[in-house]
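Hi there,

Here is the structure I promised to pass on.

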Amino acid sequence: MENKNSDIHRYDDIIQLPHHVSKTHPQMPVSDRAAQFAPFAALTGHDAAIRETARLTEEKAELDENAKMIIDEKLRFVQETLSDRPEVTVTYFKPDEKKAGGKYITVSGSVKKIDMYKGLIIMMDDISIPFEDIYDIEGEIFGNRDYEIL
């Protein structure tokens with residue numbers, strides 16, 4: 001085993017020498033030197049994939065025929081009163097773009113148009129809602145109308 005004091009003085013002869021600068025190779029920029037010591041991410045995108053998998057989605061509820069008929073009746077009534085720009089609250093299912101399922105969204109506002117050809121209710125803020133994704137429609141325009149279809 002060597003003496004610890006000799007290890008301390010092992011480089012005393014070169015410690016005061018000037019720093020070597022190559023005449024043939026340009027110096028590396030500091031930003032590139034720093035990149036050499038950056039942590040290595042072998043699984044690039046892995047964290048994002050885990051977050052995406054953990055993100056919860058809901059399954060779309062299938063409405064029975066009675067509920068579908070009530071929504072159709074309400075849509076017809078909204079169509080009839082469209083010139084009054086009826087205010088409604090629509091709850092609908094929005095499918096997820098990346099995985100199975102989706103989420104239920106509730107929007108409120110005036111109805112701009114009902115496109116029977118495309119099957120869309122279009123709100124004044126240009127939100128388009130497909131008829132088949134509507135879960136519920138509410139609003140004062142329906143008043144005390146009885147929508148219990150048996």
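Helix 4 (65–80) gives the most to the lining of the largest pocket, with four residues; helices (H or I, at least four residues) and strands (E, at least two) are DSSP runs, numbered from the N terminus. The elements that give two or more residues to that lining are helix 4 and strand 5. In total 15 residues line the pocket, and L63, K68, F131, E132 and I134 lie nearest its centre. By type, the lining has nine nonpolar residues, six charged and no polar ones (Ala, Val, Leu, Ile, Met, Phe, Trp, Tyr, Cys and Pro count as nonpolar, Asp, Glu, Lys and Arg as charged, the others, Gly among them, as polar). A pocket here is an open set of points on a 1 Å grid over the protein atoms alone, where a 1.4 Å probe fits, with protein on both sides within 12 Å along at least five of seven lines; lining residues have an atom within 4 Å of a point.

Please keep in mind that this is a predicted model, where local features need pLDDT of at least 70, side-chain atom pairs count only at pLDDT 80 or more, and totals for chains, interfaces and linings use all residues. Residues are numbered from 1 along each chain as its sequence is written, and side-chain values use heavy atoms, with hydrogens and water left out. The mean pLDDT (the predictor's confidence in each residue, from 0 to 100) is 85, and 89% of residues reach 70 or more. Confidence is lowest in helix 1 (residues 4–8), at a mean of 68, and highest in strand 4 (residues 128–130), at 96.

Now for the aromatic rings. There are three aromatic pairs (ring centres of Phe, Tyr and Trp, the last by its six-membered ring, within 6.5 Å; planes under 30 degrees apart are stacked, over 60 edge-to-face, the rest tilted). F77 and F142 make a tilted pair, 6.0 Å centre to centre with 45 degrees between the planes. This pair links helix 4 to the segment after strand 5, 65 residues apart. F142 counts as buried, at 4% relative accessibility (buried is under 20% relative accessible area, exposed over 50%, partly exposed in between, with a 1.4 Å probe and protein chains only). Y104 and Y135 are edge-to-face, at 5.4 Å and 65 degrees. Ring pairs also link F93, Y104 and Y135 into a cluster.

Best wishes
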